[in-house]
Amino acid sequence: MSSIFTKIIRGDIPCYKVDETEDCLAFLDINPNSYGHTLCILKKEIDYIFDLSDEEFLSLMKFSKRVALGIKKSVDCKRVAMSVVGLEVPHVHVHLIPINNMNDLNFSNNLGLEKINFEQVCNKIKSNLD
């Protein structure tokens with residue numbers, strides 16, 4: 001059975017797409033810890049990050065770094081944290097979370113953003129990707 005992320009990749013489920021390459025996709029988390037919280041995934045459905053080949057791992061990390069730098073330029077924060085937990089969706093994904101304090105990493109946080117907020121931050125991040 002396909003993961004929710006595979007359904008997003010196929011276009012079956014809409015997302016706020018931040019960036020995309022042949023192998024990776026970045027989109028806003030719909031339950032964000034903080035403004036600009038973005039997920040980076042490989043398009044290939046693999047459940048566990050350490051099951052990735054070295055090439056897949058490096059591709060995802062390089063892609064995530066590019067997106068994180070765009071987020072940092074777009075969102076007022078001390079830094080962009082990276083978290084790879086992998087229990088909530090069986091598809092490798094990197095959380096890029098703009099933070100100002102450790103509480104911003106609490107996954108029980110949910111900003112409850114409106115569509116306009118998602119669209120604004122998505123467009124801002126896109127415009128700041130190098």
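1. D51 is found in the loop between β3 and α2, where helices (H or I, at least four residues) and strands (E, at least two) are DSSP runs, numbered from the N terminus. With a relative accessible area of 54%, D51 is exposed, given that buried means under 20% relative accessible area, exposed over 50%, and partly exposed in between (1.4 Å probe, protein chains only). Although D51 and V92 are 41 residues apart in sequence, their C-alpha atoms are 9.3 Å apart in space.

2. A word on the basis of these values: this is a predicted model, in which local features need pLDDT of at least 70 and side-chain atom pairs count only at pLDDT 80 or more, while totals for chains, interfaces and linings use all residues. Residues are numbered from 1 along each chain as its sequence is written, and side-chain values use heavy atoms, with hydrogens and water left out.

3. How many salt bridges does a search of the whole structure find? The search finds 7, a salt bridge being a side-chain nitrogen of Lys or Arg within 4 Å of a carboxyl oxygen of Asp or Glu. In one of them R66 and D19 meet through their side chains, at 2.4 Å from N to O. This pair links distant parts of the chain, since R66 sits in helix α2 (residues 54-74) and D19 in strand β1 (residues 17-20), 47 residues apart. R66 is partly exposed at a relative accessible area of 33%, whereas D19, at 13% relative accessibility, counts as buried.

4. Another salt bridge is formed by E56 with K44, and here the closest N and O atoms are 2.9 Å apart. Again the pair links distant parts of the chain, with E56 in helix α2 and K44 in the loop between β3 (38-42) and α2, 12 residues apart. E56 counts as buried because its relative accessibility is 17%.

5. D12 also forms a salt bridge, with R10 as its partner and 2.9 Å between the closest N and O atoms. R10 is partly exposed, as its relative accessible area is 48%.

6. E20 belongs to strand β1, and at 36% relative accessibility E20 counts as partly exposed. From E20 to I9 there are 11 residues in sequence and 9.9 Å in space, C-alpha to C-alpha.

7. The largest pocket holds about 340 Å³ of space. Here a pocket, on a 1 Å grid over the protein atoms alone, is an open set of points where a 1.4 Å probe fits, with protein on both sides within 12 Å along at least five of seven lines, and lining residues have an atom within 4 Å of a point. The volume is the space filled by probe spheres set on the points, which are joined across faces, edges and corners.

8. N110 lies in the loop between β5 and α3 (115-127) and is partly exposed, with a relative accessible area of 44%. N110 and I30 are 80 residues apart in sequence, while their C-alpha atoms are 8.9 Å apart in space.

9. L87 has its place in the loop between β4 (79-83) and β5, and L87 counts as exposed because its relative accessibility is 76%.
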